[in-house]
Amino acid sequence: MSSTSQHPTPAPASVPASGADPRRWWGLVVIALAQLMVVLDATVVNIALPSAQRALGMSDGNRQWVVTAYTLAFGGLLLLGGRIADLVGRKRTFVIGLVGFAVASGLGGAARTDWQLFGARALQGVFAALLAPSALSLLTTTFTDPKERGKAFGVYSGIAGAGSAIGLLAGGLLTEYLNWRWCLYVNVPIALVAVLGALWMLHDHRPAHRPRLDIPSVLLACTGLVSIVYACSEAEPRGWGDPLVTGLLCAGAVLLTVFGWWQHKAPSPLLPPRITRDRNRAGAFLALALSVIAMFGMFLYMTYYFQGVLGYRPVTAGLAFLPLSATIILTTTQLSSRLLNHVPPRMMITPGAVCSAIGLFLLTSLPVEGAFATHVLPSEILFGIGMGLTFVAVMDTATRGVAPGDSGVTSATVNTSQQVGGSVGTALLNTIATSTAGAYVAAHLTAAAATGPLTPAVRDAITKSGVVHGFHVGLAWGSGVMLLAALVSWVLITAPAPEHRGPGDGEALTEGRAAPVYDAHRMRSV
């Protein structure tokens with residue numbers, strides 16, 4: 001166990017209190033900008049992928065690596081990135097992550113072959129794994145006043161929840177009016193602005209004692225997470241019963257089980273057991289992963305519905321997600337941030353998850369010839385309100401009361417929950433939809449052939465109906481996953497409202513006893 005965890009080091013005397021430095025709000029802008037860049041980059045290339053495939057001559061089998069290379073590196077290295085932030089300083093890793101992400105984005109935009117693009121995307125994932133946990137841990141340690149923390153987490157959670165939808169919109173605009181390369185180039189000026197802002201406006205807390213990085217933990221965690229994420233990405237084209245997919249899933253499960261066992265034995269564990277032992281924090285991690293499974297499934301289905309069924313252009317499909325993004329941002333900043341300190345977290349997470357579940361369930365009645373205003377917009381608003389309520393409370397619960405020396409790895413665990421949830425959700429719900437649609441089309445084509453000749457119009461109508469039916473079934477499953485998230489949060493997250501917590505609530509825990517909680521207002525351990 002690290003000495004940093006037992007005796008959190010006071011911030012340097014030059015670091016102002018959370019409520020004293022007005023630059024902290026500009027620091028929030030920098031953190032939010034970096035988080036937006038990381039989140040939207042997971043989806044911004046999706047709409048641009050067909051153009052990139054034609055330009056670089058990618059095969060259908062290899063094109064998935066534009067997405068998979070990023071998600072593998074990002075998801076597999078998050079825990080390592082979080083612990084590095086704890087060991088060498090969060091501001092330092094934040095700036096390194098920004099610079100590296102910008103360089104990788106520039107290389108990807110300039111790629112002349114498919115493998116150059118795949119390599120650049122993997123490099124983006126590596127630096128995103130440094131950047132994302134550093135951003136969240138900087139937010140956690142910068143805003144400690146309850147009221148300010150609510151506002152800050154409202155902004156951050158709004159970006160985290162709406163970033164993927166914003167990425168779809170940005171991808172459509174950039175691809176249609178510039179070209180696919182700008183989906184990568186756009187990160188360079190954003191990162192440059194964020195670097196300059198970080199150097200000026202963000203403060204750091206570096207541990208006085210730096211324990212060694214436990215190499216067995218790194219190898220077990222990274223290979224286990226990579227196996228799980230890669231299995232989920234391969235499940236889309238191959239199916240869940242494929243030997244490679246099942247083998248990777250089993251290997252990942254075994255490696256992560258051994259990793260969990262080793263964390264109780266390692267002198268400097270990568271993920272200290274005290275972080276996940278708290279039921280509220282564990283419940284928040286699980287509720288977040290389940291919510292992201294449903295959210296990514298919804299993005300997948302609606303993207304195909306807008307473009308493949310309703311015939312929207314890429315930019316129009318991106319604009320169709322705008323009400324959802326706006327609802328999430330408004331809910332997180334105007335409602336959730338105000339409620340956060342006055343109600344128990346589960347009184348936000350559970351109703352929010354139920355609201356999102358209702359929004360998804362309403363989409364199970366989507367018609368083939370649907371109208372956006374009547375068939376989609378109400379569901380987007382309900383889903384956005386629910387996710388806005390859920391995300392703020394989940395992220396606050398997951399990071400509250402963590403000792404400064406553990407904030408990086410805790411933030412990385414939050415991001416890992418999102419990343420693994422997104423990978424599982426995309427693969428699982430895509431498989432459900434495609435298999436259901438295939439069975440529907442086969443049965444109805446057989447029935448139609450028995451009554452007369454199959455014209456192209458009849459085939460097209462049956463195929464389109466089958467695709468929409470697959471979406472209905474997948475969305476119903478997504479709604480069920482959101483209800484499961486509501487149940488998990490209600491059962492596991494029992495913490496009172498922050499303003500009603502006593503001295504023993506939300507303390508940072510070490511092995512076997514409460515550790516001093518770092519108070520950034522007084523710049524000392526209390």
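Which residues of H9 are buried? They are Asn187, Ala191, Ala194, Val195, Gly197, Ala198 and Met201. Buried means under 20% relative accessible area, exposed means over 50%, and partly exposed is in between, with a 1.4 Å probe and protein chains only.

Some ground rules. This is a predicted model, where local features need pLDDT of at least 70, side-chain atom pairs count only at pLDDT 80 or more, and totals for chains, interfaces and linings use all residues. Residues are numbered from 1 along each chain as its sequence is written, and side-chain values use heavy atoms, with hydrogens and water left out.

Back to H9. Helix H9 covers residues 187-201, which is 15 residues. From first C-alpha to last, H9 reaches 20 Å, close to the 21 Å expected at 1.5 Å a residue. That expected span is 1.5 Å times one less than the number of residues.

Now the whole chain. The chain has 19 helices and two strands. These are DSSP runs, numbered from the N terminus: helices are H or I with at least four residues, strands are E with at least two. Of the 526 residues, 57% count as buried.

Next, helix pairs. H5 (residues 90-109) packs with H6 (residues 114-142) at about 155°, axes 8 Å apart. Axes are lines fitted to C-alpha atoms, for helices over the stretch in contact, and angles run from 0 to 180 degrees between N-to-C directions. H5 and H6 are therefore roughly antiparallel, a term for angles over 145 degrees. Their crossing is left-handed: the near helix is turned anticlockwise from the far one by less than a right angle. The contact of H5 with H6 has 15 nonpolar, nine polar and two charged residues. Nonpolar is Ala, Val, Leu, Ile, Met, Phe, Trp, Tyr, Cys and Pro; charged is Asp, Glu, Lys and Arg; polar is the others, Gly among them.

Second pair. The axes of H18 (residues 407-451) and H19 (residues 456-492) come within 7 Å and cross at roughly 145°. This crossing is right-handed, so the turn is clockwise. The contact of H18 with H19 has 14 nonpolar, nine polar and one charged residue.

Last, two single residues. Thr431 lies in H18. Thr431 is buried, at 15% relative accessible area. Beyond neighbours within four places in sequence, Thr431 is in contact with Ala235 and Trp240. Contact means heavy atoms within 4.5 Å. Leu330, in H15 (residues 322-339), is exposed, at 53%. The C-alpha atoms of Leu330 and Gly388 are separated by 7.9 Å.

Terms used. Parallel < 35°, antiparallel > 145°, perpendicular 65-115°, else oblique.
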